[in-house]
Amino acid sequence: MSEASDATPAPQAGKARKLARPTPRDVVSGFVTGLFSIPEGMAYATVGGFSAPMGLWSGAVPTVIGSIFSRTVLMVTTLTSAIALSAQSILVGAGLDPGDLGSVAALTVMVGLWMLLLGVLKLGSVMSFVSTAVMTGFTAGIAVQIVAGVVKDATGYTPEAHNTVGKLVEGVLHVGEWDGATVLVAVATVAVWAGLQLVKPLRKTATLVSLVVVTVVVALLGTDVERVSDIAAIPRSLPPFTLPDVGAMPELVSGGLAIALIALAQAAGIGAAVPNPDGSRTDVSKDFTAQGLANVAGGFFGALPTGGSLSRTGVATSGGAQTRWAGIFAGVWLIVLVLLLGPLAGEIPMAVIGGLLLVIGGELIVGRWADIVLVFRTSWLSAAALVVTFAATTQLPLQQAIFLGAGLSIVLFAVQAAKRGRLVRFVPTGDGDFRVEDAPADLPSGQTTVLHYVGTGFFAEVNRLEEEWPHTAHTQDAALVISLRGSAGIPSTTFLKSLDRLLDRWHEHGVEVVVCGVPEDLRKRFETGGVSGRLRDSVVPSGDTLLGSVREAYDLAERRRTRRAASADG
């Protein structure tokens with residue numbers, strides 16, 4: 001029984017699935033995906049400054065291994081444009097030659113080891129540290145990098161600038177030095193692709209069809225343009241066995257982590273976008289492990305670093321993929337096609353690949369345009385994160401850009417979190433309910449006041465709020481109930497110290513204090529932090545009802561207040 005038809009019994013979450021039998025649709029889908037991987041793989045490798053065959057091998061062994069072990073069963077693991085550009089940047093930054101197979105293999109294996117570590121430690125949540133704003137800015141920067149990287153292939157002019165923006169500017173300023181035939185072929189490629197987009201059944205194969213059509217026309221016309229074979233021959237052979245340069249691996253530790261984060265961030269959304277046909281749950285951490293195994297294995301067979309590819313996964317699903325066998329067949333079919341047609345791929349004009357990369361860069365921007373608009377509408381802090389990450393991606397090595405973006409995300413979150421904390425007052429309505437008001441500036445005398453703490457207990461938030469608690473300098477005969485239900489969830493030493501200081505202030509002015517809505521983990525932190533001793537029997541745990549603990553605490557505080565007042569009068 002195939003995974004697609006295995007609906008009874010329902011799969012259990014967390015249990016590994018057995019490798020189901022393939023379906024005819026998986027074979028067809030794998031063929032389409034493997035064929036599509038030829039132009040896209042070569043294009044991505046080329047834009048990263050690697051030889052075209054490495055883009056092919058990146059869709060062979062890694063794709064097979066990733067599909068076998070991935071918990072997102074239809075995810076295709078292969079080379080992406082962001083990974084290719086990052087890999088080239090990291091190798092150059094480490095003083096290594098991107099053309100050296102041993103160095104590339106060392107980087108691929110290092111990326112795989114980082115992915116395995118993150119997967120084994122079940123750190124799927126690490127992707128939450130790379131915000132949408134950062135990934136959007138990073139993707140937009142990658143799109144600009146792609147366009148800048150194909151100025152030579154698409155125009156025939158070779159920019160001398162090393163800066164991304166500089167390449168684009170230089171290319172435009174030297175339009176008179178463009179090669180007419182090269183430009184014509186690149187424009188024709190984009191035009192054919194655009195025309196195919198108008199025919200809905202051909203949209204998914206537009207890249208492949210436009211590559212074949214324009215290549216055939218160029219060959220028939222005998223147009224004199226640079227071809228793939230002029231850069232590197234594509235052998236009719238299996239992926240080459242390659243030993244990683246172990247001595248280079250220490251230089252690639254931080255860069256390997258950067259690529260791992262980039263690849264995993266790109267793949268993290270695939271599970272949500274492409275649910276498993278059998279209804280089983282995806283597992284981001286298990287997907288980390290699968291991609292790690294794919295890279296470790298791929299490093300020994302001529303592959304660049306790889307990760308889950310949304311575009312290649314989309315091709316597979318549109319081709320009818322039903323089980324993980326579709327991805328396995330994609331890698332196998334790619335090898336078969338290269339063995340049968342390898343040298344013919346060398347006849348592809350570089351201008352065709354340049355045109356396709358212009359399309360890919362444009363698609364990245366169009367695909368993220370809604371996110372760009374959303375980020376700018378959300379807040380200026382999110383917009384700042386996007387702009388800074390975009391600028392860093394176009395001006396700095398990519399590994400530095402992604403780390404900078406992730407760090408900026410955390411800082412901006414901290415700023416926003418610190419502003420969210422506030423105090424609100426719960427006022428009894430007389431019918432057992434409470435209405436919400438702003439917290440008073442001074443604690444009222446002769447009554448019990450209920451204040452609800454809205455926040456996480458984050459240290460920056462606590463420091464800001466400490467002076468916003470009501471003043472008690474002129475307060476007499478008062479009690480205070482502090483509601484913490486759903487709040488102060490972060491185990492913050494700052495929160496405990498702040499509460500300790502506030503208790504000193506309140507007790508000094510004779511204020512009865514009761515804390516309610518305290519969950520068990522927070523109660524334990526009260527004990528270890530010494531707060532419980534200050535509150536004695538004045539801690540009311542969270543109850544089964546939303547306001548039950550508030551009512552209980554209010555009644556307790558009011559009884560104590562009136563008893564104290566009566567004692568003072570007597």
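Which helix holds Val134?

**Before selecting anything**

This is a predicted model, in which local features need pLDDT of at least 70 and side-chain atom pairs count only at pLDDT 80 or more, while totals for chains, interfaces and linings use all residues. Residues are numbered from 1 along each chain as its sequence is written, and side-chain values use heavy atoms, with hydrogens and water left out.

**Stop 1: the whole chain**

Show the protein chain as a cartoon. It has 24 helices and eight strands. Helices (H or I, at least four residues) and strands (E, at least two) are DSSP runs, numbered from the N terminus. The C-alpha trace spans about 110 × 60 × 50 Å along its principal axes.

Of the 570 residues in the chain, 51% are buried. Buried means under 20% relative accessible area, exposed means over 50%, and partly exposed lies in between, with a 1.4 Å probe and protein chains only. Contact means heavy atoms within 4.5 Å. Among contacts between residues at least 6 apart in sequence, 81% join residues at least 24 apart.

**Stop 2: two packed helices**

Two packed helices are described by the angle between their axes and the distance between the axes. Select residues 132-149, which are helix α6, and residues 350-378, which are helix α17. The two pack at an angle of about 155 degrees, and their axes are 9 Å apart. That makes α6 roughly antiparallel to α17. On this scale, angles under 35 degrees count as roughly parallel, over 145 as roughly antiparallel, 65 to 115 as roughly perpendicular and the rest as oblique. Axes are lines fitted to C-alpha atoms, for helices over the stretch in contact, and angles run from 0 to 180 degrees between N-to-C directions.

The crossing of α6 and α17 is left-handed, meaning that the near helix is turned anticlockwise from the far one by less than a right angle; clockwise would be right-handed. Now show side chains at the contact. On α6, pick residues including Met135, Thr139, Ile142 and Ile146; on α17, pick residues including Leu357, Gly361, Leu364 and Arg368. By class, this contact has 14 nonpolar, four polar and two charged residues. Ala, Val, Leu, Ile, Met, Phe, Trp, Tyr, Cys and Pro count as nonpolar, Asp, Glu, Lys and Arg as charged, and the others, Gly among them, as polar.

**Stop 3: two valines**

Stay on α6 and select Val134, which is found in that helix. Is Val134 buried or exposed? Val134 counts as buried, at 0% relative accessibility. Leaving aside neighbours within four places in sequence, Val134 is in contact with Ala385, Thr389, Gly405, Ala406 and Ser409. Val134 and Leu404 are 270 residues apart in sequence, but 9.2 Å apart in space, C-alpha to C-alpha.

Next select Val111, in helix α5 (residues 101-120). Val111 is buried, with a relative accessible area of 0%. Not counting residues up to four places away in sequence, Val111 touches Gly256, Ile259, Ala260, Asn295 and Pro305. From Val111 to Leu304 there are 193 residues in sequence and 9.9 Å in space, C-alpha to C-alpha.

**Stop 4: the sheet**

Strands of a sheet pair through backbone hydrogen bonds, either parallel or antiparallel. Here, six strands form an open sheet in the order β4-β3-β5-β6-β7-β8, with mixed pairing. Two strands pair if DSSP finds at least two bridges between them. The edge strands, each pairing on one side only, are β4 (434-438) and β8 (539-541). The twist averages 25 degrees from one strand to the next.

Select β5 (448-454). Six of its seven residues are buried, so β5 is largely enclosed by the rest of the structure. Five bridges join β5 to β3 (residues 422-428), and these two run antiparallel. Val424 stands opposite His452 in β5. Another five bridges join β5 to β6, which run parallel; the bridge partner of Leu451 in β6 is Ile482.

Move on to β7 (residues 512-518), which pairs with β8 in the parallel sense over three bridges. The bridge partner of Cys516 in β8 is Val540. Helix α22 (residues 520-528) packs on the sheet and touches β7 and β8.

**Stop 5: a loop residue**

Most residues other than glycine have a negative phi. Select Asp477, in the loop between α20 (459-465) and β6. Phi of Asp477 is positive, near 50 degrees. At 35% relative accessibility, Asp477 counts as partly exposed.
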